[in-house]
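Work through the exercises below with the sequence and the model open. Each task is followed by its solution.

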Amino acid sequence: MHDISLDHYLVVGNPIAHSKSPLIHTEFAKQTQQAIHYEALLIDTSSGAFATAVNAFRANGGKGLNVTVPFKQAAWEFVQHRSERAKRAGAVNTIGFNQQGESWGDNTDGVGLVRDLTQNQGKSLTGQRILLLGAGGAVRGVLEPILAEKPASCVIANRTLEKAQVLVSLFAEIEPLSACTYDALAGQQFDIIINGTSASLQGELPPLPDNIIPAKRGWCYDMMYAATRTPFVQWALEHGAICARDGLGMLVEQAAESFYLWRGVRPKTEPVIEHLRYLLQQSVITAPQPLPPEYAGSENRPEPTRFGDWEKSGRCIDF
């Protein structure tokens, strides 16, 4: 039975046993002395199961939820009120309830990315030439916060030009944003390259020109994170990037934004990022553990952990 003296929160998805969110939010609560209980809940993917689960949680006094795949679009449709950034992102990863019991939804992915780059890494996006790789939900979710930093230009590169052009059309009134194929990148250089594709999950990389990173000033960022260097981070360092980071900081920063929306207090993220990095590194040298039940069978084995909203057999991992 739940402790009624605590406010209750969930992260929901399918699969969900891998989730770092309970650990992250428990650490935030300790820091800020907030009386909360946070746990993961596996929801069936059948039609209507998401709304049923959220309504039951709300009826039992639940205060808020984080939402991961494959339910971010269902969350967007479920909530009664959406923030501007959630409207732009077309997805909701944070749900709360107001005093009238009405549901509201937000998307903290983009602010998590921007905060990790600008505050944790000390890299300003203002006046920079930025290249975003991919045109899926991960990139759409971060576009508005990136553009709000007023880069000199922002280019979305994708294998299929039409998909990238759709994103540009959704943000048509915000300049400067453009789309191109990977082939069209030849001869261009960018100050910051952000990988929002799922290629790294297969150990692959988008087909980028060798000289796309300017010497002595190019930065690269992978929305995926792992215990060791991701293929994109490794490629970036081999091609002259002065700094290449994965998305672990983004994971923690988006969680901190959700925590702030719910609790009105902003936790310190640096110690949590360091703790998670340590746990990931330890996982490399410890013996493998049995897989949780939802991963039973070789076809369901978990992919390398990454942040983002790539739709890959319903197993993208971002919380």
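**Exercises on fold and rings**

Residues 24 or more positions apart make up 68% of the contacts with a separation of 6 or more in this predicted model.

**Exercise 1.** State how many helices and strands the protein has, and what share of its residues is buried.

*Solution.* Start with the elements: 10 helices and 12 strands. Then take burial: 51% of the 319 residues count as buried.

**Exercise 2.** Classify the ring pair of Tyr9 and Trp262, and say which parts the pair ties together.

*Solution.* Begin with the count, which is 6 aromatic pairs. Next, locate the partners. Tyr9 is in strand E1 (residues 7–13) and Trp262 in helix H9 (residues 248–263), so the pair joins parts 253 residues apart in sequence. Now check burial against the 20% cut-off. Tyr9, at 3% relative accessibility, is buried. Trp262 is buried too, at 14%.

**Exercise 3.** Do likewise for Phe232 and Trp235.

*Solution.* The centres are 5.8 Å apart with 20° between the planes, and the pair is stacked. Both residues belong to helix H8 (residues 231–238), 3 residues apart, or about one turn of the helix. Phe232 is buried at 1% relative accessibility. Trp235 is buried at 10%.

**Exercise 4.** Which rings have the charged end of Arg129 or Arg266 over them?

*Solution.* For Arg129, the ring is that of Phe190, with its centre 4.7 Å away. For Arg266, the ring is that of Tyr260, at 4.1 Å from the centre.

Conventions
Residues numbered from 1 in each chain as written. Predicted model: local features only at pLDDT ≥ 70, side-chain atom pairs only at ≥ 80, totals over all residues. Heavy atoms only, no water. Helix = DSSP H or I, 4+ residues; strand = E, 2+ residues; numbered from the N terminus. Buried < 20%, exposed > 50% of the residue type's maximum accessible area, 1.4 Å probe, protein only. Contact = heavy atoms within 4.5 Å. Phe/Tyr/Trp six-rings, centres within 6.5 Å; stacked < 30°, edge-to-face > 60°. Lys NZ or Arg CZ within 6 Å of the ring centre and 35° of its normal.
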